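Good morning, colleagues. Please look at the display.

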Amino acid sequence: MAHVAASGATEDNRSLGVQLYQSGLMFTSKPSLAVWEKVGANLFSFANSSSWWIADWLVYGESTFHGRYAEAAKRTSLSYQTLRNYTWVASRFPMSRRRQSLSFSHHLEVVSLDRAEQDYWLRKAEELGWSRNKLRTELRGSLLIRQGEQTPEDGSGRAVEGAAEPVATGPAADRRLLHLHLSAEELAVFEKAASKEREQVETWAADVLRRAAAAV
């Protein structure tokens, strides 16, 4: 098996007694806790960077090869919606606006906001060390407060059956809550799908709608 071709992170991990393969990772010596943590930091940094690399690769192909790039993109292991999301984020965030201490997923969370709001939330996430999930929670909580709305209750006390949280698109004044009227069977299916991603059904529904809109 060939090592993953990646200068920097891969070479550093080799020096720490780790070999990386396309299908896995092997420690060639017993690491200390500090070394094991450093390997993990390298891997997570590499994983986050790879999302930006793929996104920039797609944007370049789209702008340079126009219709011809699509066939090459289809041969990747990623879904069409994922590819479109990558392209969307990279095009909305040029290199100069990307926060090095935040992940690609952080930027995806705010990509549909206007530029000033993007910068505000990313700066706040960076300063307070928020995870992607924390940023999502704070962003949507703020949106509901500005709208004067209450979060739909979960479980048997749910205020609106199947209500989805608003998808952030455009100025706050133009945002609205989307109310979905679902049968009990439909809601059960959606809740099962949301639970697989460890999300509330309202959050999951908003994410699905956002990804679908990005793919149009």
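What we have here is a predicted model. A search of the whole structure finds six aromatic pairs. Let me take one of them in detail. Tyr120 and Trp121 make an edge-to-face pair, with 5.2 Å from centre to centre and 80° between the planes. The class follows from the angle, because planes over 60 degrees apart count as edge-to-face.

Is each of these two residues buried or exposed? Trp121 is buried, at a relative accessible area of 5%. Tyr120 is partly exposed, because its relative accessibility is 37% and that class lies between 20% and 50%.

Elsewhere, ring pairs connect Trp52, Tyr86 and Phe104 into a cluster. Trp52 brings us to helix α2, as this tryptophan is listed among the buried residues of that helix.

Helix α2 covers residues 33–65, which is 33 residues. From its first C-alpha to its last it reaches 47 Å, close to the 48 Å expected at 1.5 Å a residue. Which residues of α2 are buried? They are Val39, Gly40, Asn42, Asn48, Ser51, Trp52, Ala55, Leu58 and Gly61. Just after α2 comes His66, which takes a positive phi of about 50°.

I turn now to the strands. Strand β1, residues 18–21, and strand β2, residues 24–27, run antiparallel and are joined by four bridges. Together β1 and β2 form a hairpin, with two residues between them. Within this pairing, Gln19 stands opposite Met26 of β2. As a general point, side chains in a regular strand alternate between the two faces of the sheet.

Finally, the overall picture. How many helices and strands does the protein have? There are nine helices and two strands, and from the N terminus on the order of elements is α-β-β-α-α-α-α-α-α-α-α. The protein comprises 216 residues, of which 34% count as buried. As for contacts with a separation of 6 or more, 48% are between residues 24 or more positions apart.

That concludes my presentation. Thank you for your attention.

Terms used
Residues numbered from 1 in each chain as written. Predicted model: local features only at pLDDT ≥ 70, side-chain atom pairs only at ≥ 80, totals over all residues. Heavy atoms only, no water. Phe/Tyr/Trp six-rings, centres within 6.5 Å; stacked < 30°, edge-to-face > 60°. Buried < 20%, exposed > 50% of the residue type's maximum accessible area, 1.4 Å probe, protein only. Pairing = 2+ DSSP bridges. Contact = heavy atoms within 4.5 Å. Expected span 1.5 Å × (residues − 1).
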